[in-house]
Amino acid sequence: MNEFFARGILSLLILIPLLGAALLYVLPAKNERLQRNFALAVALVELVASFFLVRGFSAESYNFQFSEFRNWLPVETGIHYIVGVDGLSLILVLLTTALSPLVLLSTYSSVQKNVREFLALFLFLEAAMVGTFVSLDLILFYVFWEAMLIPMYFMIGFWGGKNRIYATVKFVLYTVFGSLLMLVAFAYVYYVHAQLHGGAYTTNIIELYKTTAALPLNQQLWLFGALTLAFAIKVPMFPVHTWLPDAHVEAPTAGSVILAGVLLKMGTYGLMRFSIPLFPAAAIKMSSVMIALGVVGIIYGALIAWRQTDIKKLIAYSSVSHLGFVVAGIFALNTAGMSGALYQMVNHGVSTGALFLLVGVIYERRHTRELSEFGGLASSMPWYAFFFVIATLGSVALPGTGGFVGEWMILFGVFKANSVLGILAASGVVLGAIYMLWLVLKMFWGPLNNSENKKLEDVCGREAFILGTLSVAIFALGVLSTPVLEHAQASLMHLQKTLQSGEAYIISFENKNSQLGSEAPQDRVAASERNHP
Amino acid sequence: MIEKNTLLQTRLAEILPSATFYLHAFPILIFLIAAMSALLLGVFRSDPDKPSFTAYGLSVAACLGGVVSIAINHVAPVAYLGSGFLSDALTQFGMLAVILGTLATLSLASCTNVGRNLLRAELVALLLTASAGLMILLSAGEFLTFFVGLELTSIPLYILVGFQRQSERGLEAAIKYFLLGAVAAAFILLGMAFIYLNTGSLQWSDLSRLNLDRNHPFAIAGALLFASGIAFKLALAPFHMWAPDVYQGANSVLTGYMAGMVKLGVVFALIRILSAGLRDSNGYLMWIFGIIAALSIIVGSLFGLVQKSVRRLLAYSSVANAGFFALAFAVLAYNPGSEISRQALIAYTFIYAILTLGSFGVLAWLEEGVEEDLDRKSLDGLGKKNPFAAFAFTIFLIGLAGIPPVAGFFGKLLILNSAVSGGLIGLAIILAMFSTISLYYYLSLITAMWFHAPSSHTAEGHLDVTVNRRMHWTIGMLAAASLVIGIVGPRWAIKLDQRTARQIAPTAQIGVP
């Protein structure tokens, strides 16, 4: 059984949701309840399967584990189906599989039209997200990265708000623009590798890490720029963030949650998996610029968020600010900054996910998100206020919540890299507290003037369960930072060492639980390369 | 006397191809025979304006016969008739693609009322002749056969475009297509003549003798003229003007055939020409094709944005896509050994043919019962009214936009790889940027289908149940093909043994060179 899981669990994690999406169409079309339950069950199975991943993962190693190497396109193209996880992707895969059931649970009330299509798209999206985090082949990664657009496009465009078409088209165009330039860069890397290796093509990143690190700096800078632009759009970093508020505001609640919770992390993940280790010299050269852009994002996002009158838009801009922290932490290029960034990705997923759910709850009841419509909600909806305050505390990084650990580590890392920018970034923490607490103040305290708010129903059991789980997670992350981060420690340490030494990022496949040992996949890589003319 | 006889026999044996020729060229021959028989059938019909299902059955049988003969044929690169007919993996694959495309066209035509007009005996004969011409085109190894094939394809298409005599738009399209096509044919002929002037041979294997440099202006003029003619046939900018009008005027099913299959035939022929080892050391041809490619991508992406008619929009999309082909031509012209470019061209033409046949098939379905051609508004809310058509159309559009997991992605990927391997990074970036722009109009169609509410002029494509089922099958097959290729990748195109595309020495020299 262990053997089986070690060899195929990642493919299984991609296939389960896809299969679930297909099976939805076998179920009776009229019975929406059954379809919802089925989709939820699929997501739970996926979650359980991902626990096996954690159990079998060995935290001491920085290598790719559970790796699978299969032929996909003909061997001579060097494009293969390669998946594997290291500490970095493990945590993000877990974030995906853990958030998905909660989001599906939230759609029981929020999605009412074309339920089956929504669920199928959502499961397809989950498969694409997991696929993005585990693929170790440039083209495979690209396929998942782009395939993710299709369900998101339909989710925003079909189930979204008033201005949904504009938002969804903008979202897709922004992303595709970046990713096509990234594809050109991939093609270049692919070609350069073949040139340097006597015509042996490959898109296996383990091989490419060695090739690209040796490229001259100006080439590295161009390629780094192309990749980073694509990821920056996804993060989104200032100044390419403008699609995010639109997409968030117009998306249905489930879409917003998954967008904030997981999709944005695909950008920061891309930076850590591709931009930096592929082009280390360029990353070091550009680190201050990137930190500066991150810091601008922090402050800019916070200031804009402060001025918002639409609650959802406010939280969307707070995402820009929070992701600014993550980017700054990543480009501090030291272990503290990068672990903080990774941790902050998880925290942001949980706390902002909770905030979007909370906005969804109030929107379902009042059909408005205007801040001026609310006030004094704490007396009419005490439990709602309770959960909202907890999510806010997580978002403003109160000590005791996960956000505190993450932001503290990021600030520490950035300060070590560049003290001026570190100080500026720290100001973002204060700004973050201002606009979030101001939001809470306006919504929940003060007199309950609006008569419509007086008879509002408090959160129901299902909502309380979702929000309760997330609230527990916010505090749990505050104390459990060591056990979570130790999974990624080896990977991040290795990355930092590589950057310091100025050499290529050397990493390999490893299969602990497999009888074949760690050599098997590499042998096949080598064998496939020997076959080249 | 006996001596004379043997002399005649040896002479005949020199001129006539060996028996295996008939085996290898079987698909062409059977298509021509079927075309003739269909013509004859038409003579004996009492009402020639009615669709002839005998002719239809005959042509389907010819297609099946062709497929079987390709399946059992042994692929060994041989040249017949000088190098007039090359039989190799590329030919076999191209023929298979043409036959399948013809089959899909016939099947789509048989589904709709407008399309059934295409099944009149003489029109079926024309379609079969055009397909035979395409097969001659893609198996040619020298200029004359190439030209014969090209004209054998073009002339029936001029007629087919205008066959709806009562439709003004159709007639306009036919005239436009014919006049411009004739000019393009003249360009190609003149280009061939100039090239012959320089190399003294019509065989592509001698193209390596072509001196493309400043001291030989006629060689350059020849190459330029030839490239312009080809650009016209492929609807490459700035020779694309006819495409929107013709695509709009012709029967949708036929438009799919024109856009998809003709491109396939011409591209395959060009693969052979460019692989033959032109000495383009100054990069003239690369520049010509590079500029044409950039222009087509830009024009196709920008002009498509403002089109109201769906067919005109798809016409501009086909201009942009032809630009991708030209990009690979540019690389192949400079580096005839570029395997990546050949793979890219083979894969993308095939994928593109599937996507175009599919999308125009859907349009033909939707146009049923609508007098005018469809504009964007008539797609509003199609997802509600005819979810299957909307779903299939969405797949084809996503494919044309090049987003995985639909096949078009691999086409675009291979083209990009080819461009980068040829050092044309600037063009690759142009391709990337303008693909984003063209994505906007693909998205606007998808948006209209799924996110807009249906209105009174939404097309439905309601037909009777049995016909609908046939339409479902044909379009479903095309959509499934584009998804499957999009997931497993165009393996066949990459594995295809294209070494033979570069050169096959003629087995026998006939007459004077």
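How many residues of chain A are in contact with how many residues of chain B? The count is 33 residues of chain A and 36 residues of chain B. Bear in mind that this is a predicted model.

## Between the chains

Start with the contact between chain A and chain B. Together the two chains bury about 3,200 Å² between them. Of that area, 82% is on carbon and sulfur atoms. Now look for salt bridges: the count between chain A and chain B is 0.

## Helix pairs

The table lists three of them.

| Helix pair | Axis distance | Angle |
|---|---|---|
| α6(A), residues 149-159, and α7(A), residues 164-196 | within 7 Å | roughly 160 degrees |
| α8(B), residues 143-161, and α12(B), residues 252-275 | 12 Å | about 170 degrees |
| α9(B), residues 168-199, and α10(B) | within 7 Å | roughly 150 degrees |

Take the pair in chain A. Its axes cross at roughly 160 degrees. Angles over 145 degrees count as roughly antiparallel, so α6(A) and α7(A) are roughly antiparallel to each other. The crossing of α6(A) past α7(A) is right-handed. On the α6(A) side, the contact includes A:Leu149, A:Met152, A:Tyr153 and A:Ile156. A:Gly157 and A:Phe158 of α6(A) also take part. They meet residues of α7(A), among them A:Arg164, A:Thr168, A:Val169 and A:Phe171. A:Val172, A:Thr175 and A:Val176 of α7(A) belong to the contact as well. By class, the contact of α6(A) with α7(A) has 9 nonpolar, 3 polar and 1 charged residues.

Move on to chain B. Helices α8(B) and α12(B) pack at about 170 degrees, and α8(B) and α12(B) are therefore roughly antiparallel to each other. From α8(B), the contact uses residues including B:Phe143, B:Phe146, B:Leu150 and B:Thr153. From α12(B), the partners include B:Leu254, B:Tyr257, B:Met258 and B:Val262. The classes here are 13 nonpolar, 1 polar and no charged residues.

The crossing of α9(B) and α10(B) is left-handed. Their contact has 18 nonpolar, 6 polar and 1 charged residues.

## Backbone details

Now turn to the backbone. Most residues other than glycine have a negative phi, and most peptide bonds are trans.

Which residues of chain A does a cis peptide bond join? They are A:Phe238 and A:Pro239, with omega about 5 degrees. A:Pro239 sits in the loop between α9 (217-234) and α10 (243-250) of chain A.

Chain B has a cis peptide bond too, joining B:Ala237 and B:Pro238. Its omega is about 0 degrees. Here B:Pro238 is in the loop between α10 (217-233) and α11 (242-249) of chain B.

A:Phe66 is a case of positive phi in a residue other than glycine. Its phi is near 55 degrees. To find A:Phe66, look in strand β1 (residues 65-71) of chain A.

Key. Residues are numbered from 1 along each chain as its sequence is written. Chains are lettered from A and ligands numbered from 1 in the order in which they are written. This is a predicted model: local features need pLDDT of at least 70, side-chain atom pairs count only at pLDDT 80 or more; totals for chains, interfaces and linings use all residues. Side-chain values use heavy atoms; hydrogens and water are left out. Axes are lines fitted to C-alpha atoms, for helices over the stretch in contact, and angles run from 0 to 180 degrees between N-to-C directions. Helices (H or I, at least four residues) and strands (E, at least two) are DSSP runs, numbered from the N terminus. Angles under 35 degrees count as roughly parallel, over 145 as roughly antiparallel, 65 to 115 as roughly perpendicular and the rest as oblique. A crossing is left-handed if the near helix is turned anticlockwise from the far one by less than a right angle, and right-handed if clockwise. Contact means heavy atoms within 4.5 Å. Ala, Val, Leu, Ile, Met, Phe, Trp, Tyr, Cys and Pro count as nonpolar, Asp, Glu, Lys and Arg as charged, and the others, Gly among them, as polar. Buried area is the accessible area (1.4 Å probe) that two parts lose on being put together, summed over both. A salt bridge is a side-chain nitrogen of Lys or Arg within 4 Å of a carboxyl oxygen of Asp or Glu.
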